[in-house]
Amino acid sequence: MPGDPILTISASTSFSIPQITGTQNDTKCANEQLSLSASASGGEIYWFDAPSSGNLIFTGDTYQPILNTTTSFWVSAGSNNCDTGLRSEVIATILSIPTANTPSNIDVCDDNNDGVFDFDFDPDVTNEVLGSQLAADFNVLYFTSQADADAGSNPISLPFSNTSNAQQIFVRIENVLNTTCYDTTSFIVEVFDTPTANVVDTLSFCDDGIDGSLTNGQMDVDLSAATTVVLGSQSPADFNVTYHLNQNDADTNTNALPLTFYNSTPFAQTIFVRIENVLNTDCFDTSSFVVEVFATPTANTPSNIDVCDDNNDG
């Protein structure tokens, strides 16, 4: 402009244009604070939300946003809010926090009634915890305490023998790329006693004739007479005993017979017995025995006998 002082630049005068000399990406779980950084040869570092134009969102060498999706930022060097226009990309990678779907509790029947069972949670429980999440992306681990599950320490080795009954098992699902991205849940394992159906000897009855026949081999039989034998030393408070016409009904616990049973097969009929744990009816045993009904003879009254004494001695 007329009147302004004249700027004289000599041949030896030089200008240094600041440039980005390095960047540092970061990877975190969703909604965790990231630490993104950049360095420059001079001036200030400007952070933008686009590779060109866009919005200036931060000024400084370390940007610490909280994000829930992977996002790119662009940095350039400059001064007085004037950048060189040369931008470098800095990437904030957000890893998925998995969801620990709660698996079903596990109830098992004890194979020797010691209250201990060897559990293998993989693959059934693991698949429940994963749900639709990919096994390639997430690890599933098992623990005996919530503190261990949160810390990811002392995972259970499979198969696992329970140390109490019932026992709570804690599950941790974690992102394979960053194990601090995790979620937890829990479930219960419980071991139930499996009863023994003690063998019952044949129950024999004489036909009582209440149905009008003493010889048809059929009558109302009291099946409860076998219950104490089936139970043996097992408590009736812990185990239930039922009677059935065939093995399938006993196995499926269907069509239980009344304890007062009119035998449908005359003279000899096989009865199938089921004994089950009242707390878990999947824990059961079966056996069978025979009910026999014998015809009861009738003592017909004979005619009186009158005779003449041959020597009158009476």
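Ser53 sits in the loop that runs between strand S4 (44–48) and strand S5 (56–59). Helices (H or I, at least four residues) and strands (E, at least two) are DSSP runs here, numbered from the N terminus. The phi angle of Ser53 is near 55 degrees, a positive value in a residue other than glycine. With a relative accessible area of 58%, Ser53 is exposed. The terms for accessibility are as follows: buried means under 20% relative accessible area, exposed means over 50%, and partly exposed lies in between (1.4 Å probe, protein chains only).

The model is a predicted one, in which local features need pLDDT of at least 70 and side-chain atom pairs count only at pLDDT 80 or more, while totals for chains, interfaces and linings use all residues. Residues are numbered from 1 along each chain as its sequence is written, and side-chain values use heavy atoms, with hydrogens and water left out.

## Overall form

The secondary structure of the chain comprises four helices and 21 strands. Along the principal axes, the C-alpha atoms fill a box of roughly 185 × 35 × 25 Å. The radius of gyration of the chain is 43 Å, whereas a compact globule of 314 residues would have a value near 20 Å. This radius is taken over C-alpha atoms, and the globule rule is 2.2 Å times the number of residues to the power 0.38. Of the 314 residues in the chain, 33% are buried.

## Backbone features

Phe267, although not a glycine, has a positive phi of about 70 degrees. Phe267 belongs to the loop between strand S19 (260–262) and strand S20 (268–277), and its relative accessibility of 41% makes it partly exposed.

Cis peptide bonds are also present in the model. One joins Asp122 and Pro123, with omega about 15 degrees; Pro123 is placed in the loop between strand S11 (118–119) and H1. Another leads from Leu158 to Pro159, with omega near 0 degrees. Pro159 occupies the loop between helix H2 (146–151) and strand S13 (160–161).

## Charged residues

Asp122, which takes part in the cis bond to Pro123, is also a member of a patch of negative charge on the surface, where it gathers with Asp120, Asp124 and Glu128. Patches are made of residues with over 30% relative accessible area and no salt bridge; like charges are joined within 9 Å, and nonpolar side chains (Val, Leu, Ile, Met, Phe, Trp, Tyr) within 5 Å. Lys and Arg count as positive and Asp and Glu as negative, while His and the chain ends are not counted. The place of a charge is taken as NZ of Lys, CZ of Arg, CG of Asp or CD of Glu. Accessible areas come from the Shrake-Rupley method with a 1.4 Å probe. Asp124 lies in helix H1 (residues 124–130) and is exposed, at 59% relative accessibility.

The structure holds three salt bridges, each defined as a side-chain nitrogen of Lys or Arg within 4 Å of a carboxyl oxygen of Asp or Glu. They are listed below.

| Salt bridge | Closest N and O atoms |
|---|---|
| Lys28 with Asp26 | 3.2 Å |
| Glu174 with Arg172 | 2.7 Å |
| Arg274 with Glu276 | 2.7 Å |

Lys28 is partly exposed, with a relative accessible area of 24%, whereas Asp26 is buried at 14%. In the bridge between Glu174 and Arg172, Glu174 is buried at 8% relative accessibility, and Arg172 is buried at 4%. For the bridge between Arg274 and Glu276, Arg274 counts as buried at 3%, and Glu276 counts as buried at 7%.

## Pairs separated in sequence

Cys29 is located in strand S2 (residues 26–29) and is buried, with a relative accessible area of 1%. From C-alpha to C-alpha, Cys29 and Thr70 are 9.9 Å apart in space, with a separation of 41 residues in sequence.

Pro236 and Ile275 form another such pair: they are 39 residues apart in sequence, and their C-alpha atoms are 9.8 Å apart. Pro236 is found in the loop between helix H3 (227–231) and strand S18 (239–244). Pro236 is exposed, with a relative accessible area of 62%.
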